[in-house]
Amino acid sequence: MQSFKTFATWTVALAFGTFAVTVFVVYACNNLVAPKLPTSERLLSGDTLRVPSRINQQTAGEFLDVLSKHRGEIERIEAKGYGGEAEAAATIAEAIRSTGLKPVVPDGTGCVSVCVGVLVESGSTDVADQGYVLFHAGRITARNDASACVVCRLASNALDAIVGPLTPPSTVGAMQIWAKAFSPALPAFFDSCTINPLSTEEGMALSGAQLKAISAGNSPSCNALSKQSFTWLKDFLRK
C-alpha cells in the first residue's frame, strides 16, 4: 500500500512538473525569445486599408501604425483574410471604430473566423453579394507567434493539447453573437442544420446575397447550403 501511495504521489508530481515546464517554455517563447515572423504584407493601397490577412499581435501593431500615419488618407477599409488571434482582432476592431469607417468584405474575397469578429465589433455587417464570411467553431490555443522556433511550437502544441479540452467554448459563443449581428435569424438557421456549422472547425461560408436571403426568410435550407463548394475561396485564402 505504501509503495502504491509513493507511486501515485510521484505520478501527480511528474504531471504537474511537466505542465509547469510547458507553460514556462511557451511563456519564454512568446515573451523572451524574439520570434521570426513572416514578412509584413502591404496593408495600404491608395485610399484603402485592409485588415491583415493573418491577425496576430505583430500584424495588429502594423495595422495601427499604418492607420496612425495615414488616417487622413484612408476612405475605405476592407476585411478579408484567414482570421487569427481574438485579442489582436479586438485591438484592430477598436482602432477601426475610432475612424468612423465601416469595413466591408468585397466581392470575390472571404472573411474567416475572427476576421468576422473584426467586421462586427467595428460596427459593420457589410458583405458584398459575392463576398463571403465563414463562421465556425473556433478554439482558444496558445499563441504561436514564435512558430519558427521548433521547441516553442512543440511546447505550444503540447500546452494546447492539455488545456484545450478544459477550455470553455467561448469563441463559439462569440460566433453566435457575431452571427446574430448579421441577422437575428442566422443562429436559428445554423441550428436547423443536421450538424450545426458552429460546432465544426470547417464551419460554413455564406455570401452577402445568401445572408440577405436568410434574413428575409427565403433562403435554401442550411443543409442545402452546407453542400456548396468553396474551392475558389480556399484558393483565395492560400494567397
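The side chain of Ser-124 reaches the backbone oxygen of Pro-103 at 2.6 Å. This is a predicted model. Ser-124 sits in the loop between helix H4 (114–121) and strand E8 (126–127).

How accessible is Ser-124? Its relative accessible area is 3%. Buried means under 20%, so Ser-124 counts as buried. Set aside the neighbours within four places in sequence, and Ser-124 is in contact with Lys-102, Pro-103 and Leu-119.

Now turn to helix H2. It covers residues 57–70, 14 residues in total. From first C-alpha to last, H2 reaches 20 Å, close to the 20 Å expected at 1.5 Å a residue. Asn-56 caps the N-terminal end of H2. A side-chain oxygen of Asn-56 lies 3.0 Å from the backbone nitrogen of Gln-58.

Which residues of H2 are buried? They are Thr-59, Ala-60, Phe-63, Val-66 and Leu-67. These residues lie on the same side of H2 because they cover an arc of only 125° around the axis. The face turned away from that buried side carries Ser-68 and Lys-69, both exposed.

What do the buried residues of H2 pack against? Their partners are strand E1 (44–45), strand E2 (48–50), strand E3 (54–55) and helix H3 (86–97).

How values were computed
Residues are numbered from 1 along each chain as its sequence is written. This is a predicted model: local features need pLDDT of at least 70, side-chain atom pairs count only at pLDDT 80 or more; totals for chains, interfaces and linings use all residues. Side-chain values use heavy atoms; hydrogens and water are left out. Helices (H or I, at least four residues) and strands (E, at least two) are DSSP runs, numbered from the N terminus. The expected span of a helix is 1.5 Å times one less than its number of residues. Buried means under 20% relative accessible area, exposed over 50%, partly exposed in between (1.4 Å probe, protein chains only). The arc is that of the directions from the helix axis to the C-beta atoms. Contact means heavy atoms within 4.5 Å. A polar contact is a pair of N or O atoms within 3.5 Å; within protein, one must be able to donate a hydrogen and the other to accept it, and residues adjacent in sequence count only if both atoms are side-chain atoms.
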